Amino acid sequence: MLYQKKEGTKFVLLDGSVIDTSTSDFCNETARNLHRNMVKIFEYRLAGAKPDAWLKEYRLFGWARIQDDSVHIQGAKDKNIGWNTTLGIIWPKTKEQA
């Protein structure tokens, strides 16, 4: 799930839609909003973070907060991950790629 900011139990998603996580009940509108704002991240990029309980209901396993030109990904192994509105998530080069 990609989001811009969190206000209490509400998340402002990347596309500007807002979801409320104060209830654990499944909601079709929340599911639509979440799936419009999701990105697949391969497991080898993550350090085994535990998913938030409310995300499990929607078959999602983590979140990424977008701030200016950087992104914070829950449980990411890499640091200094970039964000570009055209390219999306920009991973730093690893030694194997250099």
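I take contact to mean heavy atoms within 4.5 Å.

**Entry 1: the model and its confidence**

I worked on a predicted model, in which local features need pLDDT of at least 70 and side-chain atom pairs count only at pLDDT 80 or more, while totals for chains, interfaces and linings use all residues. Residues are numbered from 1 along each chain as its sequence is written, and side-chain values use heavy atoms, with hydrogens and water left out. I noted that pLDDT is the predictor's confidence in each residue, from 0 to 100; the chain averages 82, and 93% of the residues score at least 70. I took helices (H or I, at least four residues) and strands (E, at least two) as DSSP runs, numbered from the N terminus. Confidence is lowest in H2, with a mean of 75, and highest in S2, at 92. I kept in mind that where pLDDT is low, the predicted coordinates should not be read in detail.

**Entry 2: Asp-78 and Arg-45**

I looked up Asp-78, which sits in the loop between S5 and S6, and found that it touches Arg-45, Trp-91 and Pro-92, not counting residues up to four places away in sequence. The C-alpha atoms of Asp-78 and Trp-91 are separated by 7.6 Å, although these residues are 13 residues apart along the chain. What does the side chain of Asp-78 make with the side chain of Arg-45? I found a polar contact at 2.9 Å, where the term stands for a pair of N or O atoms within 3.5 Å; within protein, one must be able to donate a hydrogen and the other to accept it, and residues adjacent in sequence count only if both atoms are side-chain atoms.

Arg-45 itself lies in the loop between H1 and H2. For burial I used relative accessible area, with buried under 20%, exposed over 50% and partly exposed in between (1.4 Å probe, protein chains only). Arg-45 is buried because its relative accessible area is 11%. Residues up to four places away in sequence set aside, Arg-45 touches Gly-75, Ala-76, Lys-77, Asp-78 and Trp-91.

**Entry 3: helix H1**

Which residues of H1 are buried? In this helix, residues 28-36, I found Thr-30, Ala-31, Asn-33 and Leu-34 buried. They lie on the same side of H1, because they cover an arc of only 165° around the axis, the arc being that of the directions from the helix axis to the C-beta atoms. The buried residues of H1 pack against strand S2 (10-13), strand S3 (18-20) and helix H2 (53-56).

Thr-30 counts as buried because its relative accessibility is 11%, and, leaving aside neighbours within four places in sequence, Thr-30 is in contact with Ile-19 and Tyr-58. His-35, also in H1, is partly exposed, with a relative accessible area of 36%, and it touches Tyr-58 and Leu-60, again not counting residues up to four places away in sequence.

**Entry 4: aromatic pairs**

I counted rings of Phe, Tyr and Trp (its six-membered ring) as paired if their centres lie within 6.5 Å, with planes under 30 degrees apart as stacked, over 60 as edge-to-face and the rest as tilted. The structure holds 3 aromatic pairs. The rings of Tyr-3 and Trp-63 have centres 5.9 Å apart and planes at 65°, so I recorded this pair as edge-to-face. Tyr-3 lies in strand S1 (residues 2-7) and Trp-63 in the loop between H2 and strand S4 (64-67), so the pair ties together parts that are 60 residues apart in sequence. Both Tyr-3 and Trp-63 are buried. The rings of Phe-42 and Tyr-44 have centres 6.2 Å apart and planes at 20°, so this pair is stacked; Tyr-44, at 56% relative accessibility, counts as exposed. Ring pairs also link Tyr-3, Phe-11 and Trp-63 into a cluster.

**Entry 5: nonpolar cores**

A nonpolar core is a set of buried Ala, Val, Leu, Ile, Met, Phe, Trp, Tyr and Cys residues joined through side-chain atoms within 4.5 Å. I found that the largest has 12 residues in all, among them Tyr-3, Phe-11, Ala-31, Leu-34, Leu-55 and Trp-63. S2, H1 and H2 each supply at least two residues of this core. Apart from it lies another core, of 9 residues, including Ala-64, Ile-66, Trp-83 and Ile-89.
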